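Dear colleague,

Please find below the structure I promised to hand over. My notes on it follow, and I would be grateful if you could read them alongside the coordinates.

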Amino acid sequence: MAIDSKKLQQQADDLSSRIWAIANDLRGGMDANEFRRVIKQCLRFTNETDAIVTLGMKPNRPETGYGYIQADLRVASPRNTEIYRVDQFKEKPDLATAQQYIKQNNFFWNAGIFIWSASTIINAFRVYNPAI
C-alpha cells in the first residue's frame, strides 16, 4: 500500500483531519449500509483517540488469497465495543493454516483499509521512520 506523501503533507495543516487508506475492495460480504456504519464508527473513534484503525472482516471460508489479522478479543475498547487491539498481521496462508485460522474466533481477513488522523500518522512516522 502506498501513501501519497504530498497529500499527507497537505493534511498536516489540519492535524484533526481523517485519512483513509484503502488497498482493495474487500468488504467481506458486508452490505453497503453496514460498511458505511462501520466506517463512520471508525472515523468517530479516530477523532476521539490517537489510534490507527484497520478493518478485519469475519471470514466465512478458508482463504489463501487474503492476509489475516489476529485480534486480541479479550478486551474491547471502552469507547467502542467493536474495536479490538491487533496482535499480529499474518501473510496469505496456505490452505491448512487458513483452515486453522477460521476455526479460531480471533482471526479476520485483512481488508487493507486503515483510518487515522493526520496527527496520529505524522507522529507514527516521526517515531518509527523519522527519515520520511
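Gln41 is placed in helix α2, which spans residues 32-48. Please bear in mind that the model is a predicted one. Gln41 has a relative accessible area of 19%; because buried means under 20%, Gln41 counts as buried. The side chain of Gln41 makes a polar contact of 3.3 Å with the side chain of Glu82. When neighbours within four places in sequence are left aside, the contacts of Gln41 are Asn80 and Glu82.

Asn106 is found in the loop between α3 (95-103) and β5 (107-117). Its relative accessibility is 17%, and Asn106 is therefore buried by the cut-off of under 20%. Neighbours within four places in sequence again left aside, Asn106 is in contact with Ile69, Gln70, Ala71 and Leu73.

I turn now to the largest pocket. The space in the largest pocket comes to about 970 Å³. Its lining is made up of 33 residues, and those nearest the centre are Val53, Thr54, Glu82, Ile83 and Tyr84. Two or more lining residues come from each of α2, β2 (53-57), β3 (68-72), β4 (85-90) and β5. Helix α2 contributes the most, with six residues. Sorted by class, the lining of the largest pocket holds 21 nonpolar residues, six polar and six charged.

With kind regards

Note on methods:
Residues are numbered from 1 along each chain as its sequence is written. This is a predicted model: local features need pLDDT of at least 70, side-chain atom pairs count only at pLDDT 80 or more; totals for chains, interfaces and linings use all residues. Side-chain values use heavy atoms; hydrogens and water are left out. Helices (H or I, at least four residues) and strands (E, at least two) are DSSP runs, numbered from the N terminus. Buried means under 20% relative accessible area, exposed over 50%, partly exposed in between (1.4 Å probe, protein chains only). A polar contact is a pair of N or O atoms within 3.5 Å; within protein, one must be able to donate a hydrogen and the other to accept it, and residues adjacent in sequence count only if both atoms are side-chain atoms. Contact means heavy atoms within 4.5 Å. On a 1 Å grid over the protein atoms alone, a cavity is a set of points where a 1.4 Å probe fits but cannot get out, and a pocket is an open set with protein on both sides within 12 Å along at least five of seven lines; lining residues have an atom within 4 Å of a point. Grid points are joined across faces, edges and corners, and a volume is the space filled by probe spheres set on the points. Ala, Val, Leu, Ile, Met, Phe, Trp, Tyr, Cys and Pro count as nonpolar, Asp, Glu, Lys and Arg as charged, and the others, Gly among them, as polar.
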